[in-house]
Amino acid sequence: LKVIGEPILEIFGNSNPTMEEDKGPLEIPFTVSGAEGGCFSISVVSSNDNLVPEDVNNLSIDGFGTTYQPCLPSGQNSQDFKLIVTPPENANGETMLTVAVEQGSQRVEKIFYLVVKSVNDNPTISAIFDETTDENIPVDVTFVVADVETPVNDLHITVESTDTNLIPESNMVLTGTGDIRTLKITPAPDKMGDALITVTVD
């Protein structure tokens, strides 16, 4: 009668690891060993599919997906692996990860929590292209602003001109609410030339 012992699963590092939003991938090393060596079945499950989907691009064992069945060479009874975790962009929160190892009828698992800390992302502004207008003719420039955490109506928008004789700052007027904004630029009377206009959102 051959009795197969229970496999041993050892996870290294912080027992409940943390990472910052958009800073992945996080690699968590672990070792699987068993008195009989041979083949194992390794799996990992995430309790929060929005934070860590069970997809090879977000959660895998050595890049092989959430299930892996390695076989150890003859005479070797342990092997190192990596759990690779990559949350989606801008995702934060907490998930419970369960790593399980099965060999024959024996099963062992380890459960731990992964915390992804929220990071304040910079606001964004759409591309604004060069504009040309005739003397004494105003021009409207429309652009889009966005922010992952901050409501768009709370964003602060400023504009600057490199030539205030041509484009006085009082002649640049912002209008609009929500994500779509319009900048009306009115050149100074009877003036011609070039000015660089900088639009900043924070």
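1. A word on terms before we start: on a 1 Å grid over the protein atoms alone, a pocket is an open set of points where a 1.4 Å probe fits, with protein on both sides within 12 Å along at least five of seven lines, and lining residues have an atom within 4 Å of a point. Grid points are joined across faces, edges and corners, and the volume is the space filled by probe spheres set on those points.

2. Please keep in mind that this is a predicted model, in which local features need pLDDT of at least 70 and side-chain atom pairs count only at pLDDT 80 or more, while totals for chains, interfaces and linings use all residues. Residues are numbered from 1 along each chain as its sequence is written, and side-chain values use heavy atoms, with hydrogens and water left out.

3. Now to the largest pocket, which holds about 590 Å³ of space. Its lining has 23 residues, and E131, T132, I185, A195 and I197 lie nearest the centre. The elements that give two or more residues to this lining are β11 (139–146), β14 (180–185) and β15 (197–201); strands here are DSSP runs (E, at least two residues), numbered from the N terminus. By type, the lining divides into 14 nonpolar, three polar and six charged residues. In that count Ala, Val, Leu, Ile, Met, Phe, Trp, Tyr, Cys and Pro are nonpolar, Asp, Glu, Lys and Arg are charged, and the others, Gly among them, are polar.

4. The loop between β2 (18–20) and β3 (26–33) deserves a look, as P25 sits there. A cis peptide bond joins G24 and P25, with omega at about 5°. D22 is found in the loop between β2 and β3 too, and has a positive phi of about 65° although it is not a glycine. With 40% relative accessibility, D22 counts as partly exposed; buried means under 20% relative accessible area, exposed over 50%, and partly exposed in between (1.4 Å probe, protein chains only).

5. N136 is another non-glycine residue with a positive phi, near 70°. Look for N136 in the loop between β10 (124–125) and β11. At 37% relative accessibility, N136 is partly exposed.

6. C39 is joined to C71, S to S 1.9 Å. C39 lies in the loop between β3 and β4 (41–46) and C71 in the loop between β6 (67–68) and β7 (78–85), so the bond ties together parts 32 residues apart in sequence. The torsion about the S-S bond is about 105°, so this disulfide is right-handed. C39 is partly exposed at 44% relative accessibility, and C71 is partly exposed at 48%.

7. Finally, the aromatics: the whole structure has three aromatic pairs. Rings of Phe, Tyr and Trp (its six-membered ring) pair if their centres lie within 6.5 Å; planes under 30 degrees apart count as stacked, over 60 as edge-to-face and the rest as tilted. F64 and Y68 are stacked, 4.3 Å centre to centre with 10° between the planes. F64 is exposed at 51% relative accessibility, whereas Y68 is buried at 19%. Y68 also pairs with F81: the centres are 6.1 Å apart and the planes at 85°, so this pair is edge-to-face. Y68 in strand β6 and F81 in strand β7 are 13 residues apart, and their pair links distant parts of the chain. Ring pairs link F30, F64, Y68 and F81 into a cluster.

Methods: Helix = DSSP H or I, 4+ residues; strand = E, 2+ residues; numbered from the N terminus. Disulfide = S-S within 2.5 Å.
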